[in-house]
Amino acid sequence: MIPTNLTNCLELRELNLIDNKFEGKIPKELGSLSKLTALGLSSNNLTGKIPTSLGNLSSLNRLSTAFNTLEGSIPEELGRTRIGFIQLGFNRLTGRIPSSLYNLSNMRYFLLGTNQLEGSLSQDMSVAFPHLLQLDLSKNRFTRPVPVSLSNASMLQYIYLIANRFTGQVPPNLGRLQNLRAINMAENHLGSSRGDDLRFIDSLANCTHFQRMAFSNNFLRGPLASTIANFSTQLFWIDLEFNQIHETIPSGIENLVNLTYLDLDGNQLNGSIPSNIRRLYKMQELGLYGNRLSGRIPSSLGNLTISNLIDLSSNDLTGDIPSNLGACQNLLELYLSDNNLNGSIPNDIMSLSLWTFN
């Protein structure tokens, strides 16, 4: 257990007990350490609730209790502190985000992922947190649309809202976030029936430091905007699988020269696979499974020499299997089933050390 006699250390500024084996409850007596600025209790075996007495720590700037088994609600009293870094993820916290937390204007890291929190987010989050750098509310039970005002949090770099119950469209002006590096809103209920759910992609082309995008397992409907070809060349990850994306794969996607992961599985894409995809030399995983792609498999896929997975299964591809695929010496998984391919399997492919060939 965390010793309660720590409260005798009246001049204590920082208490870091991260990554130990402390058990039991967080002592409410810690709330008497009036000069404490940082409290780190993550990665222990702590149980019970977060004490309301922590709200007495008026100088507290950093609070980390992640990776424990804490339960109950987040204390409203924490809004009386000066917290700019809060990490309460990977617990069993329930209830709503206390309205008082939105008064913490110094907030830079707001990390509450992997709990059982619910309700909707403040529509004025960018006003509440003007200095916010990272937002992680993944794996909770938040509902309603993602606040449009999030686009005004001009310093925001990372947005993680994975596996919630958000609905409606993705905020259309995310491109205002000039410092944005990564956004992941996978596994929600995002989308509408209007067919323009991907228009937010147009604005993301303005994010010159953008590296990673994931909106898989939603209900996003519409064509994949050609402006994706204008994304930052720092972009290395695109995951849009299992949506309702239609029309063709945009020409110009080969401009994303640092792309290592492209997953468009389970959509409604048609037309042919662009032959210029050969320019994506750094591609490691290419997923086009379960679309309506037609035409021949471009022999230029053989230029993706460091790829370890190519999945073209369940489309309407025709013709023979190009022997050039044998140049992908790092290929471990190749999926070509459920197409209209003919001819024999090239020896160059048979000589690959494939784990799976379907």
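Modeller: The largest pocket has a volume of about 160 Å³. On a 1 Å grid over the protein atoms alone, a pocket is an open set of points with protein on both sides within 12 Å along at least five of seven lines, whereas a cavity is a set of points where a 1.4 Å probe fits but cannot get out. Grid points are joined across faces, edges and corners, and the volume is the space filled by probe spheres set on the points. This is a predicted model, in which local features need pLDDT of at least 70 and side-chain atom pairs count only at pLDDT 80 or more, while totals for chains, interfaces and linings use all residues. Residues are numbered from 1 along each chain as its sequence is written, and side-chain values use heavy atoms, with hydrogens and water left out.

A lining residue has an atom within 4 Å of a grid point of the pocket. The largest pocket is lined by Glu 14, Leu 15, Asn 16, Ile 18, Ala 38, Leu 39, Gly 40, Arg 62, Leu 63, Ser 64 and Phe 85. Strand E1 (14–16), strand E3 (38–40) and strand E5 (62–64) are the elements that give two or more residues to this lining. Such names come from DSSP runs numbered from the N terminus: a helix is a run of H or I of at least four residues, and a strand a run of E of at least two. By type, the lining has 6 nonpolar, 3 polar and 2 charged residues. Here Ala, Val, Leu, Ile, Met, Phe, Trp, Tyr, Cys and Pro count as nonpolar, Asp, Glu, Lys and Arg as charged, and the others, Gly among them, as polar.

Leu 12 lies in the segment before E1. With a relative accessible area of 22%, Leu 12 is partly exposed; buried means under 20%, exposed over 50%, and partly exposed in between, using a 1.4 Å probe and protein chains only. Leaving aside neighbours within four places in sequence, Leu 12 is in contact (heavy atoms within 4.5 Å) with Leu 33, Lys 35 and Leu 36. Leu 12 and Lys 35 are 23 residues apart in sequence, but their C-alpha atoms are 6.3 Å apart in space.

Asp 136 is in strand E11 (residues 134–136). The C-alpha atoms of Asp 136 and Ile 159 are separated by 6.2 Å, and the two residues are 23 apart along the chain. Not counting residues up to four places away in sequence, Asp 136 touches Phe 110, Leu 111, Leu 112, Gly 113 and Tyr 160.

Phe 110 also belongs to the largest nonpolar core, where, of the 98 residues, Phe 110 and Met 213 touch the most other members. A nonpolar core is a set of buried Ala, Val, Leu, Ile, Met, Phe, Trp, Tyr and Cys residues joined through side-chain atoms within 4.5 Å. Helix H1 (125–128) and helix H2 (200–204) are the elements that give two or more residues to this core, and H2 gives the largest share, 3 residues. Among the contacts of Phe 110 are Ile 86, Ile 97, Leu 101 and Phe 129.

Next come the strand pairings. Two strands pair if DSSP finds at least two bridges between them. Strand E10 (residues 116–119) and strand E12 (residues 141–145) pair in the parallel sense over 2 bridges, with Glu 118 opposite Arg 141. E12 also pairs with strand E14 (residues 165–168), in the parallel sense and over 3 bridges; Thr 143 has Arg 165 as its bridge partner in E14.

Further along, 6 strands form an open, parallel sheet in the order E18-E20-E22-E24-E26-E28. Strand E18 (221–223) and strand E28 (340–341) stand at the edges with a single partner strand each, so one side of each has no neighbour in the sheet. Within the sheet, strand E20 (residues 244–247) and strand E22 (residues 268–271) pair over 2 bridges, and Glu 247 has Leu 269 as its bridge partner in E22.

Most residues other than glycine have a negative phi. Asn 217, however, has a positive phi of about 55° and sits in the loop between strand E17 (212–214) and E18. Phe 242, in the loop between strand E19 (237–239) and E20, has a positive phi near 55°. Asn 217 is partly exposed at 33%, and Phe 242 is partly exposed at 36%.

As for the whole protein, there are 3 helices and 29 strands, and buried residues make up 52% of the 358 residues.
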